[in-house]
Amino acid sequence: MPAFRTLDDLDPRGKRVLLRADLNLPVKDGKITDMTRIERLCPTIAELASKGARVIVCSHFDRPKGKRVPEMSLKPMQEALARTLGKPVGFVDDCIGAEAEAAANALKDGEVLLLENTRYHAGEEKNDPALAQGFAKLADVFVNDAFSAAHRAHASTEGVAKLLPSYAGRLMQQELEALDAALGNPQRPVVAIVGGAKVSTKLDLLGNLSSKVDVLVIGGAMANTFLAAQGHAVGKSLQEAEMHGTAREILAAARKNGCEIVLPLDLVVAEGFAAHSPNKVVGLDGVPAEMMALDVGPATVADVLQRLSAAKTLVWNGPFGAFEIAPFDAATVAVAKKVARLTEAGQLRSVGGGGDTVSALRHAGVSERMSYVSSAGGAFLEWLEGKTLPGVAALEG
C-alpha cells in the first residue's frame, strides 16, 4: 500500500484543520434518514478537537451544479453533527471567501465549524485551482476523511491537498487499510463474491479481481449472462445476450490467471418479480421458458459455503439474488450469516461494499459482524477495479 500520512503524524494543536468529510446523507422532508456517515466521521472530528485543533468541516451535498439550491444546504447537518459530537458546531454560509475566512480565523482550539456545500461553486467539480486556493486560505493543514469522494478529482478532495500538508483521517485510514488487507496484501486463499444485474457495468471489476483472487463467485443477474453464454437456457431471466462473447473471454482470462470462477449450480425461478411469487428450484437446464431466475438455489449456497470455510479473505460486492423481496433473499442471507460466523471466529477477514451490498448485509443483520463494510459506493468499486483514486493519490508521499 502506498505510504500516506495519518493523524498519528500530525500535532494539530492551535492549527486550523480543513477536514474534507462526506455529508452527502439521505434527507427526506428536511430530516436525515440515515446517520451512518456522520457517526463514522465524528471520531476524526472528536480526536482533532480533543488535541486542540480548530476543525473546519467541508463537504458536498447532492448536485446543485454550481448554484445555491436551498434544499441542498448543509445547514441541517450542523445540528446532527453537534448532537453526535456532544459539542457546539458553528456554521458559515459559504465555503470560501471573506465570511468563511473570518469564521475560520475566529475559531479557538477545540472548536468546530461547518462550511456550506462545496458544490455551490461550479469550480468544485472542475477542480478549479482558484477554488482550491480559496479552501487553502482557510487552514494550515488538510485532512481528507471522505474516501467515498476520493474517486473524484475535485477542488476539495484533490486540488487543496496539493496546497497544504495533507493527512488521512481515521475513516479514510480504515478504508485504505481494510482494502489493502483484502486485495493489496491479503491472506490467501482469497474469495471474491460479485453480484449485480449487468456484466457490462462490471467488466473492469471482474477483470481486475480475476487477476488477484483465487476464487471468484459470480451471482446476481449477471450470472445468467455467463450461464447463457455457456449454452444454458435461462428463460425470461434478465441477461445480456450481447455480452456472451465477453463472458466467455472473462472465463478464459480467469483460467489463465489461475482464478477459479464459480457459477450457480441451481436456480430459484418464478414467473414474476414479486414478493412471495410462486417459485421452485431447478437445475441449470431446467429453467422453464416462461420463468425467470431470481436467486441461486440451495446446491449453489452449499458450494459457496464450503469454499468460504477454506478461505482466509473475502471481498464482497453485490447480492446473489433479488434480496429486496422474499423469498429471493435466501441465498444472500445464508451466505452473509456464514461469513459473519467465520469472521467472528477469526477464520476470515471479510470486506464488503457497494450500495446494494451494504443494504443486503444490513438486511441479513450482519453489517456489524464483518471485518469491514465500506460506506463508499463509486470509490469502493473503482478501487476494486484497480483504478487510481485522485483523492487518495494526493495524500501519498
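The questions and answers below concern a predicted model.

Visitor: How many disulfides does a search of the whole structure find?

Guide: A disulfide needs two cysteine sulfur atoms within 2.5 Å. The sulfur of C58 has its closest cysteine sulfur in C95, at 7.5 Å, which is too far for a bond. Over the whole structure, the number of disulfides found is zero.

Visitor: Is C259 buried or exposed?

Guide: Buried means under 20% relative accessible area. C58, with a relative accessible area of 0%, is buried. The relative accessibility of C259 is 4%, so C259 counts as buried.

Visitor: What is the volume of the largest cavity?

Guide: The search covers the whole structure and counts cavities of 30 Å³ or more. One such cavity is found. The volume of the largest cavity is about 80 Å³.

Visitor: Which helices each supply at least two residues of the lining of the largest cavity?

Guide: The lining is made up of D22, R37, L41, D145, A146, F147, S148, L171, E175 and S375. By class, four of these residues are nonpolar, two are polar and four are charged. The elements with at least two residues each in this lining are α1 (36-50) and α6 (170-184).

Visitor: Which elements give two or more residues to the lining of the largest pocket?

Guide: The largest pocket holds about 480 Å³ of space. Its lining has 23 residues, and those closest to the centre are T36, V358, R362, S374 and S375. Two or more lining residues come from each of α1, α12 (355-363) and β17 (372-373).

Visitor: How many polar residues are in the lining of the largest pocket?

Guide: The classes are nonpolar, polar and charged. Seven of the lining residues are nonpolar and six are charged. The number of polar residues is 10.

Visitor: Which element gives the largest share of the lining of the second largest pocket?

Guide: This pocket has about 420 Å³ of space. It is lined by 23 residues, with G220, A221, L238, G321 and A322 nearest its centre. Both α8 (222-229) and β14 (292-296) supply at least two of the lining residues. The largest share, five residues, comes from β14.

Visitor: Why is β14 largely enclosed by the rest of the structure, and which residue of β14 is the bridge partner of L267?

Guide: β14 is largely enclosed because five of its five residues are buried. Strand β12 (residues 266-270) pairs with β14 over four bridges, in the antiparallel sense. Across this pairing, the bridge partner of L267 is V296.

Visitor: Which elements do the buried residues of α8 pack against?

Guide: Eight of the eight residues of α8 are buried, and the helix is mostly covered. They are M222, A223, N224, T225, F226, L227, A228 and A229. Their packing partners are β9 (190-194), α7 (203-209), β10 (215-218), α9 (244-257), β12 and β14.

Visitor: Which residue with a positive phi follows α8?

Guide: The phi in question is near 100°. The residue that follows α8 with this positive phi is G231.

Visitor: Which strands stand at the edges of the six-stranded sheet?

Guide: The six strands form an open sheet with parallel pairing, in the order β5-β6-β4-β1-β7-β8. An edge strand has a single partner strand, so one of its sides is left without a neighbour in the sheet. The strands at the edges are β5 (90-91) and β8 (166-168).

Visitor: What is the bridge partner of L19 in β7?

Guide: Strand β1 (residues 16-20) and strand β7 (residues 141-144) run parallel and are joined by four bridges. In β7, the partner of L19 is V143.

Visitor: Which residues is S350 in contact with, leaving aside its neighbours within four places in sequence?

Guide: S350 lies in strand β16 (residues 349-352). It is buried, with a relative accessible area of 0%. With neighbours within four places in sequence left aside, the contacts of S350 are L314, V339, T343, M370, S371 and Y372.

Notes
Residues numbered from 1 in each chain as written. Predicted model: local features only at pLDDT ≥ 70, side-chain atom pairs only at ≥ 80, totals over all residues. Heavy atoms only, no water. Buried < 20%, exposed > 50% of the residue type's maximum accessible area, 1.4 Å probe, protein only. 1 Å grid on protein atoms, 1.4 Å probe; cavity = no way out; pocket = protein on both sides within 12 Å on 5 of 7 lines; lining within 4 Å. Points joined across faces, edges and corners; volume = space filled by probe spheres on them. Nonpolar A, V, L, I, M, F, W, Y, C, P; charged D, E, K, R; others polar. Contact = heavy atoms within 4.5 Å. Pairing = 2+ DSSP bridges.
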